[in-house]
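Please read them with the coordinates open.

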Amino acid sequence: MPKNITRRSAIKTMVAGGAGIIAANSILNSCAGKPKQKQSTYVPVEKTSGTIVTRDWEGIGTVSLLGLGCMRFPRVKGEKNVIDQAQVNEMVDYALAHGINYFDTAPAYGPSETATGIALSRYPRESYYIATKMSNRPGDTVEQAQAMFENSLKCLQTEYVDFMLLHGTSGDDFNARFKDNGVLDYLYQMKEEGKIRHIGFSFHGSNDAFAGLLALPYKWDFVQIQMNYFDWKDMPLWGSEDLKCDAETLYTMLAERNIPAVIMEPIRGGALANVNDSIRERFEAVRPDLSPAGMALSFVASFPGVMCVLSGMSNMDQMKENIDTFRDFVPLTKADNEMLFDVARLMKENTLIGCTGCSYCMPCPNGVNIPGNFKVYDTCSNELNLPVPEGEHNKEYKQKRKIFLNRYNKGLQDSEKADMCVGCNVCVSKCPQHIRIPQQLSRIADLVKQLDA
């Protein structure tokens, strides 16, 4: 999988029956035989520095608050689907040496299960937890599910998995994927036989669908949800703008039932690690010890019902930074959280076009100064100064309106402004950032029109 793919995108592909989920026969072939790489027993390094914070859970044990998401393992340079096993081994060694004991993978993550098994099998089995998933599709049989699970055990080089998740259910697909075909009954049978220790599900759906799943007559030992400060009050769903979903409600429902929460997308696919300068300055003013990624991770980790926060680390630098956050973990305060919610609001209001100013799109046949228009927009966005005409026209809005219009009118001639674009699309193929230039110019023109009204 490409490094920048999100978990949500992977699951969307899976449910649609795309290449992310491999048919049972193909999965069986993916780990056939012993790995060609020579196996060796790793001697753990002495834990000379502090390990990360852990939490004890009744019926489960001691779990590290930070877990390693194994979907974004580093790839061999030039080979998208070949995992760099040497780097993975090094990362797993470092993770275990510093207290991480929760490792999350899935059949849908390509060769991830195999790489995870190679790295972890060098350690005593009781020293780590493995979470994997039933990544089946609607219409798959229980026999296919059995083949998938047995193959997971083979890939992971283990006789049991600690955490088995029903992968990426939205609620609507629950019966077709897990109940009517007997898959869930089979998984509970595997739990009775000791091949699965704990059963839960990962969720991508509405608040109502989540409540419905929790009301079913099954014992959910844990549940994995998407949670971050950006999605706390409102979480967009695929093509379902009419359905309500928010992380606050999902987490609260779990906490009320004493079901441990495992958190995915705490940094929202990396988006919350790459914030603009103004937001970074706000973070540094209250928590100078934390990076933007550290702020995002600390937000979700501060909730007592969270068992483990997953981070899809793809290199050692990310690993070290995240471990530093959890080694000296200080929960965020209520005031910190309110600041983050305000940042989320500003981020939603201040989207970036992403123009680098290379001018490859120029000259415009109609005389529009494309980079100049985008520079005004992105500069205001980066400073959190984009006015929102649809919102309250208060003092803050009036100040932002003044800043934007002053820059726009003084920086551009009338003949260069966005409303002069005729949508000829000559510029589109020239843009190395693949920006939909006419559409973005139209947005700017509409904004200026509303601000001038």
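1. Helices (H or I, at least four residues) and strands (E, at least two) are taken as DSSP runs and numbered from the N terminus. With that convention, Pro363 lies in the loop between helix H13 (334-349) and helix H14 (370-382). A cis peptide bond joins Met362 and Pro363, with omega at about 0 degrees.

2. The model is predicted, so that local features need pLDDT of at least 70 and side-chain atom pairs count only at pLDDT 80 or more, whereas totals for chains, interfaces and linings use all residues. Residues are numbered from 1 along each chain as its sequence is written, and side-chain values use heavy atoms, with hydrogens and water left out.

3. The loop between H13 and H14 also holds Ser359, whose phi is near 65 degrees, a positive value in a residue other than glycine. Ser359 counts as partly exposed at 34% relative accessibility, where buried means under 20% relative accessible area, exposed over 50%, and partly exposed in between (1.4 Å probe, protein chains only). Asn425, which is not a glycine either, has a positive phi of about 70 degrees and is placed in the loop between helix H15 (395-411) and helix H16 (437-452). With a relative accessible area of 42%, Asn425 is partly exposed.

4. The largest nonpolar core has 94 residues, of which Ile100, Phe103, Phe210, Trp220, Met227 and Tyr229 touch the most other members. Such a core is a set of buried Ala, Val, Leu, Ile, Met, Phe, Trp, Tyr and Cys residues joined through side-chain atoms within 4.5 Å. In soluble globular proteins, nonpolar side chains tend to be buried together.

5. Which residues does Phe210 contact, leaving aside its neighbours within four places in sequence? They are Phe201, Phe203, Val223, Ile225, Leu250, Met253 and Leu254, contact meaning heavy atoms within 4.5 Å.

6. Helix H8 (residues 207-214) packs with helix H9 (residues 247-256) at an angle of about 15 degrees, and their axes are 10 Å apart. H8 is therefore roughly parallel to H9, given that angles under 35 degrees count as roughly parallel, over 145 as roughly antiparallel, 65 to 115 as roughly perpendicular and the rest as oblique. The axes are lines fitted to C-alpha atoms, for helices over the stretch in contact, and the angles run from 0 to 180 degrees between N-to-C directions. On the H8 side the contact is made by Asn207, Phe210, Ala211 and Leu214, and on the H9 side by Thr249, Leu250, Met253 and Leu254.

7. Helix H5 (residues 142-156) and helix H7 (residues 183-192) pack at about 40 degrees with their axes 9 Å apart, and these two helices are therefore oblique to each other. Val142, Ala145, Gln146 and Phe149 of H5 meet Val183, Tyr186 and Met190 of H7.

8. Is helix H4 (residues 112-120) mostly covered or mostly uncovered? H4 is mostly covered, with eight of its nine residues buried, namely Ser112, Glu113, Ala115, Thr116, Gly117, Ile118, Ala119 and Leu120. What covers these buried residues includes helix H3 (85-97), strand S4 (102-104), strand S5 (129-134) and H5.
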